[in-house]
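Subject: Structure handover

Hello,

I am passing this structure on to you.

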Amino acid sequence: MKNYIFAIALVITFSACKQNTKTEEATESVEEVIVETPAVSYPENLTKVFDAHGGIDTWKSMKSLAFTMEKPNGKEVITTNLISREGLVDNPKESIGFDGEKAWFVNKTEGDYNGKMSKYKYNLMFYFYAMPFILSDDGINYADAEPLVFEGVTYPGIQVTYNAGVGETPEDRYVLYYNPTTYQMEWLGYTVSFVPGIDKKELHFRRYNNWQKVNGVLLPKTIVGYGFKDDKPTEAKHSTEFTEVQITNTAMPSSTFAKPENGEFAN
């Protein structure tokens, strides 16, 4: 009887009130395979850019983003689940979506429609709008870029390239240029590889110098497209305004992004 009591005492002491030594062994086995996930490390200057826009932790806590653009043919509403990247683009001419696995489209007009472009278009403006935070995605390589000098101001640059197999166009290259004083993003240089007949190495430019704070995150209020020559911006061409912006820590239901019955999957 004494031996039995002594054995019970050992089990209580070494297995945190477990009832037998088998449970104790299983607990120890589980503890041995626990691995701590290291924090993601970004270049110091990019971290300062993230901080100037609300902080990477704030961005990572968000689950959905939606915004509206006023276009010549009417309003275009873009909705995205930030983790799964399920997306929906809806305007009077078309609906384009990504259900988490495949891109799809609905042609709302009677004219010809290139459905193959849907796999590029469903997240095109989302990608531009989610700058600079979209540059925290996995599979990205960072390097310092030659600064951009425009109207007497020198903007330091961070070049972004992608590992093979990341996204539909991993050969794309982006350069983020930031204000040297505030660290807010000011310019984006980017290549275009999915449009036939365009130089895939030449930088195009958009300017980001008008921001709005939404739920603690600094997001674009307008983005201005510029002409370009020799990897430098020239003159302003067009401005896109973003309204009805919502960024929340709640994901949209997956049904939001499912292909409707009259939709077709993009090949």
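Predicted model: local features only at pLDDT ≥ 70, side-chain atom pairs only at ≥ 80, totals over all residues.

Residues are numbered from 1 along each chain as its sequence is written, and side-chain values use heavy atoms, with hydrogens and water left out.

Strands here are DSSP runs of E with at least two residues, numbered from the N terminus. Two of them count as paired if DSSP finds at least two bridges between them.

On one side, β11 runs antiparallel to β10 (residues 204–214), with eight bridges joining the two. W211 has P220 in β11 as its bridge partner. Two residues lie between β10 and β11 in their hairpin, and N215 in the turn has a positive phi of about 55 degrees.

β11 is also joined to β12 (residues 232–248) by seven bridges, again antiparallel. K229 is bridged to K232 in β12. This hairpin too has two residues between the strands, and D230 takes a positive phi near 55 degrees.

G189 belongs to strand β9 (residues 185–190). G189 is buried, at a relative accessible area of 0%. Leaving aside neighbours within four places in sequence, its contacts (heavy atoms within 4.5 Å) include R173, Y174, L203 and F205. The C-alpha atoms of G189 and K232 are separated by 8.3 Å, and the two residues are 43 apart along the chain.

Regards

Definitions and conventions
Helix = DSSP H or I, 4+ residues; strand = E, 2+ residues; numbered from the N terminus. Buried < 20%, exposed > 50% of the residue type's maximum accessible area, 1.4 Å probe, protein only.
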